[in-house]
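Trainee: Could you take me through how to read a few features of a model like this one, starting with its strands?
Mentor: Let us look at it together and then take the features in turn.

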Amino acid sequence: MTGIVFVVGASRSGSTLLERLLNELPGMLSVGELMRVWQRGVVENQLCSCGQVFHDCPFWSAVLQRLESGTDAAGANAADVLSRSVYKAGLGTPPAAQHQAFLALWGALFRAIAEVGGARWLVDSSKDPAYAAQLAGLPGVDTRYVHLVRDARAVAHSKGRRRRRPEIHWRPAYMARRSAWDSAGSWNATQRLAEQARAQLGRPWRQLRYEDLAADPQATLRGMIEWLELPVVGDAALDFVRDGVAQVRPGHSVSGNPMRFNHGELAVTADLEWRRAMPALSRWAVTVRSYRGLRRYGYL
């Protein structure tokens with residue numbers, strides 16, 4: 001049976017780091033923020049993390065060959081429209097026919113990815129709790145969830161920085177930026193929705209802090225190996241990460257943080273720039289607006 005690990009949480013929470021590390025474990029395949037594949041991959045032909053444009057990537061070309069729909073711009077746009085209409089239901093139930101079409105669409109995609117990649121577990125780091133929750137009912141699929149949390153102040157500081165998006169190869173483009181106050185509100189809403197999904201879905205669920213992952217990646221990965229029952233004996237499979245550095249291979253992440261394009265040595269250290277560089281007023285605003293969540297997750 002194919003399994004999918006959905007990473008849920010706020011944007012800029014370190015999901016790309018997590019999926020890069022998981023991709024190195026036996027039986028795991030990370031595909032990045034898959035919910036964006038129709039627009040960013042099929043329609044816009046952005047760069048895969050392997051460095052090839054989507055339609056020239058051997059992996060994604062093989063996946064598309066196994067699909068009956070969504071393989072051209074018209075089909076991908078229709079797939080995106082259908083998916084967005086389902087996301088609007090949040091954790092609720094969309095119309096039955098619509099939801100069945102949605103599950104058939106995504107089920108075919110996940111099966112094709114698993115077939116091409118030959119992996120037992122796929123890692124989808126889209127992070128949107130509504131997207132992940134609506135896919136909990138995929139027939140014949142073992143769906144599990146990792147709720148990844150990062151300090152709201154670090155998330156807000158990251159969202160305020162100007163960062164290039166290399167996947168948009170035909171013109172200069174940058175990641176979206178938000179004010180500290182707006183970022184805190186989005187962080188609060190995402191954590192609430194994730195917690196609601198956990199209670200409602202009743203699926204296997206793990207909560208993980210980005211800071212703990214960066215501080216001791218081997219301990220985090222050891223826990224994931226046990227949770228997913230990966231075919232690993234001892235710590236030999238963790239030799240790729242030592243002393244704050246991981247040796248990572250090129251992957252096939254369809255969307256995510258620009259660090260997905262880094263191969264070879266990858267620094268595994270917590271980005272704590274916010275502690276010295278975040279303006280005092282911005283830090284105060286996020287702390288006030290996200291106070292309850294910061295306390296709940298052990299940041300205060």
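Trainee: In what order do the 3 strands of the open sheet stand?
Mentor: As a general idea, the strands of a sheet pair through backbone hydrogen bonds, in either a parallel or an antiparallel sense. In this model, which is predicted, 3 strands make up an open sheet with the order 6-7-8, and their pairing is antiparallel. Strand 6 and strand 8 (264-267) stand at the edges with a single partner strand each, so one side of each is left without a neighbour in the sheet.

Trainee: Over how many bridges do strand 7 and strand 8 pair?
Mentor: Strand 7 and strand 8 are joined in the antiparallel sense over 4 bridges, and if you follow V248 across to strand 8, you will find G264 as its bridge partner.

Trainee: Which residues lie nearest the centre of the largest pocket?
Mentor: The general idea is that rolling a probe the size of a water molecule over the atoms shows where empty space is left. Here the largest pocket has a volume of about 1200 Å³, and of the 44 residues that line it, S11, R12, E33, K127 and M175 lie nearest its centre. Elements that give two or more residues to this lining include helix 1 (15-22), helix 4 (73-87) and strand 3, while helix 8 gives the most, with 4 residues.

Trainee: Which residues form the nonpolar patch on the surface?
Mentor: The nonpolar patch is formed by W181, L281, W284 and V288, which together have about 480 Å² of accessible area. Its largest share, 3 residues, comes from helix 12 (residues 280-289).

Conventions:
Residues numbered from 1 in each chain as written. Predicted model: local features only at pLDDT ≥ 70, side-chain atom pairs only at ≥ 80, totals over all residues. Heavy atoms only, no water. Patch = residues over 30% accessible without salt bridge, like charges linked within 9 Å, V, L, I, M, F, W, Y side chains within 5 Å. Areas by Shrake-Rupley, 256 points an atom, 1.4 Å probe, with all protein chains shown as cover. Salt bridge = Lys/Arg side-chain N within 4 Å of Asp/Glu carboxyl O. Pairing = 2+ DSSP bridges. 1 Å grid on protein atoms, 1.4 Å probe; cavity = no way out; pocket = protein on both sides within 12 Å on 5 of 7 lines; lining within 4 Å. Points joined across faces, edges and corners; volume = space filled by probe spheres on them.
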